Amino acid sequence: MTPEEAALFDGSFPASIVPGGEYHPPLPRLDPMLDAAPDGSASRSAEAVARRLRHQFDGRLHLPGETGYDLGRLAWRRDLDQQPLLVAEVADAADVARAVIAAREFDVPVGVQATGHGTVRPTDDGVLLNLSRMAYVDIDPVRATARVGGGARWGDVVAAAARFGLAPISGSSPAVGVAGYTLGGGVGWLSRRHGFAADSLLRAEVVTAAGNRLVAGPDDDVDLWWALRGGGGNFGVATELLLRLYPVGQVYGGVAYFPGERAGEILACHRDQAADLPDELTTALSLLRLPDAATVPEPLRGRTVVALRVCHTGPEAWGRRALAPLLAVAGPPLWGGYAPMTWPGAAAVLDDPQPRPQIVREHTDLFQGMSDELIDVLLAEIGGPGTNRSPISAINLRHVGGAMGRPLPDGGPSGHRDATYALIAIAPHLCAAQLPVARGYLAAFARRLRPYATGGVLLNLLSDPSRTMAAYRPADLGRLAALKRIYDPENIFHRNHNIPPGP
Ligand SMILES: Cc1cc2nc3c(=O)[nH]c(=O)nc-3n(C[C@H](O)[C@H](O)[C@H](O)COP(=O)(O)OP(=O)(O)OC[C@H]3O[C@@H](n4cnc5c(N)ncnc54)[C@H](O)[C@@H]3O)c2cc1C
């Protein structure tokens with residue numbers, strides 16, 4: 001990865017793709033025509049779309065060969081080397097509408113990207129809308145709301161809201177985009193207490209496939225509002241979102257690592273306690289096979305461990321009490337521990353705040369409870385005999401449920417609300433040559449999990465777009481497909497977790 005690529009995901013973003021800055025490209029600008037395909041067709045089409053837009057576009061257009069093009073099309077999953085016709089770095093909703101209309105005129109698909117963290121299908125030969133400039137954040141402390149641009153990132157919202165003792169339902173990484181995460185449901189450390197992030201979407205402004213600018217909310221376009229709260233990027237481009245915030249004072253939490261030998265008892269104890277754990281307490285268990293590397297704390301090097309991540313938003317004494325049975329079984333940690341901290345502090349320690357863009361393969365499933373047989377399957381995968389050659393080095397189990405498990409009378413299609421655990425098995429930091437092996441291991445693991453899984457998935461945790469339908473209950477899927485037919489009948493927004501228009 002070049003320093004420019006790294007910077008894109010480091011928070012020190014090149015200024016051309018953040019608001020209000022000038023970007024000085026480190027590489028010489030190339031004439032786009034020099035990069036033309038042998039028959040010149042790709043660049044001519046890009047030029048044609050760009051010509052159509054140029055005179056009425058307030059943002060920037062980046063054609064192949066230009067530095068802004070390569071930065072603007074970068075996906076967090078590095079093997080998704082998307083090759084759009086052009087990157088339209090939109091300045092505002094009017095730009096979004098212009099770019100969508102132009103793409104329709106040229107009959108090319110539209111891809112939407114705020115950060116690239118959730119790109120699951122490449123926007124090849126289409127117009128890629130890059131929303132990273134539309135990143136404003138405006139907190140209303142009296143109404144406890146955040147009004148954010150369609151390209152805002154969670155880190156900025158968390159920091160701005162914390163000044164007023166408020167917090168959004170953000171996820172594990174400050175670099176993840178608010179819109180992509182929220183439209184996909186959104187599960188964070190406050191979700192057991194306050195529900196999916198999508199449940200807190202109060203209103204959205206959207207540019208539809210027809211280029212119309214609509215407002216969706218309880219008093220406006222109610223069907224669209226429903227579809228946006230879990231239906232992903234299928235229904236248009238969200239140019240602005242209004243989100244509910246929640247008061248969060250001190251948090252009791254952190255991460256502690258326990259010997260892998262204790263994993264079976266820790267998992268079983270969590271399973272036995274799960275139904276009684278308060279909504280204020282969110283825990284995540286990770287089975288990790290750690291490398292023998294200097295970057296790993298010495299007591300953990302080369303070991304298989306269980307990481308128990310904890311976030312309790314009530315009084316510290318209640319948090320300690322709720323955790324006590326689990327910690328009694330876990331025994332003394334090898335590393336780490338729990339302490340009172342601020343909410344932004346907790347958000348920073350609970351997860352790797354900026355996981356490196358990488359080539360990664362994952363498998364996700366949902367479970368209602370955790371049988372002894374399932375625990376055996378998990379333990380055999382990490383730490384079992386012969387698994388030291390497996391590319392799967394992390395299995396994360398998030399405890400879901402709580403407020404996410406309670407149906408809302410006017411809730412959207414985010415689901416599934418009946419799950420207790422969301423699992424992600426990860427084969428991280430691969431090189432392209434390792435992909436087939438990693439796929440094989442993950443497919444075999446998925447087969448072993450199948451008898452115990454619900455068959456559902458959480459959309460945001462799903463990197464394989466072919467399983468998109470598994471993210472929804474059948475009735476919701478029918479309604480989503482019917483609404484897709486209304487808002488995007490030609491399915492121009494399909495470079496995503498796609499829901500095709502219904503009949
Ligand atoms: C390191 C990391 C940590 C994560 N942690 C969590 C977590 O804790 N909880 C969780 O629920 N998910 C988590 N995710 C998943 C994440 O929520 C999804 O990948 C989400 O799609 C990312 O949105 P984005 O805008 O950052 O990504 P992008 O790649 O910019 O967008 C992804 C997709 O979202 C849609 N989209 C984005 N912006 C808009 C918009 N303005 N209007 C319409 N559609 C839009 C598009 O379909 C687009 O293809 C994580 C992902 C990563 C890589």
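Reader: Taking helices (H or I, at least four residues) and strands (E, at least two) as DSSP runs, numbered from the N terminus, which elements each supply at least two residues of the shell around the ligand?

Author: Bearing in mind that this is a predicted model, three elements do so, namely β3 (110–113), α6 (178–183) and β10 (237–244). Of the elements, α6 gives the most to that shell, with 4 residues.

Reader: And how many residues surround the ligand, and which are the closest?

Author: There are 31 residues around the ligand, and the closest are G118, G171, G177, G180 and G233.

Reader: Which domains does the assignment give for the whole chain, and how many residues does the contact take from domain 1 and from domain 2?

Author: The assignment lists domain 1 (3–130), domain 2 (137–247) and domain 3 (251–468). The contact between domain 1 and domain 2 takes 13 residues from domain 1 and 18 residues from domain 2. On the side of domain 1 that touches domain 2, helix α4 (residues 93–105) contributes the largest share, 5 residues. By class, that side of domain 1 has 9 nonpolar residues and 4 polar ones, with no charged residues.

Reader: Staying with α4 for a moment, which strands does it lie across?

Author: Helix α4 lies across β2, β3 and β4 (127–130), and it runs at about 170° to β4. Those strands belong to an open sheet of 4 strands, in the order β1-β2-β4-β3 and with mixed pairing. At its edges stand β1 (60–62) and β3, each with a single partner strand, so one side of each is left without a neighbour in the sheet. From one strand to the next, the twist in this sheet averages 25°.

Reader: How many bridges pair β1 with β2, and in which sense?

Author: β1 and strand β2 (residues 86–89) pair over 3 bridges in the antiparallel sense, and H62 has V87 in β2 as its bridge partner.

Reader: Now the other sheet: in what order do its 7 strands come?

Author: The order is β15-β12-β14-β13-β17-β18-β16, in an open sheet with antiparallel pairing. Its edge strands, each pairing on one side only, are β15 (335–341) and β16 (361–367). Here the twist averages 15° from one strand to the next. Within this sheet, strand β13 (residues 281–289) and strand β14 (residues 304–312) run antiparallel and are joined by 9 bridges; A284 has R309 in β14 as its bridge partner.

Reader: What does helix α9 touch when it packs on the sheet, and which strands does α13 lie across?

Author: Helix α9 (residues 263–273) touches β12 (251–259), β13 and β14, and its direction makes about 155° with that of β13. Helix α13 (residues 435–449) lies across β16 and β18 (421–427), running at about 10° to β16.

Reader: Switching topic, where does UniProt place the "FAD-binding PCMH-type" domain?

Author: The unreviewed UniProt entry places that feature at residues 80–248. The span is 23% helix and 26% strand, and its end C-alpha atoms lie 38 Å apart.

Notes
Residues are numbered from 1 along each chain as its sequence is written. This is a predicted model: local features need pLDDT of at least 70, side-chain atom pairs count only at pLDDT 80 or more; totals for chains, interfaces and linings use all residues. A residue is near a molecule or strand if its C-beta atom, placed from the backbone, lies within 6 Å of it. Two strands pair if DSSP finds at least two bridges between them. Axes are lines fitted to C-alpha atoms, for helices over the stretch in contact, and angles run from 0 to 180 degrees between N-to-C directions. Two residues are in contact if their C-beta atoms, placed from the backbone, lie within 7 Å. UniProt positions are given in the numbering used here, feature names are shortened, and annotations may be inferred rather than shown by experiment. Domain bounds come from an automatic or database domain assignment. Ala, Val, Leu, Ile, Met, Phe, Trp, Tyr, Cys and Pro count as nonpolar, Asp, Glu, Lys and Arg as charged, and the others, Gly among them, as polar.
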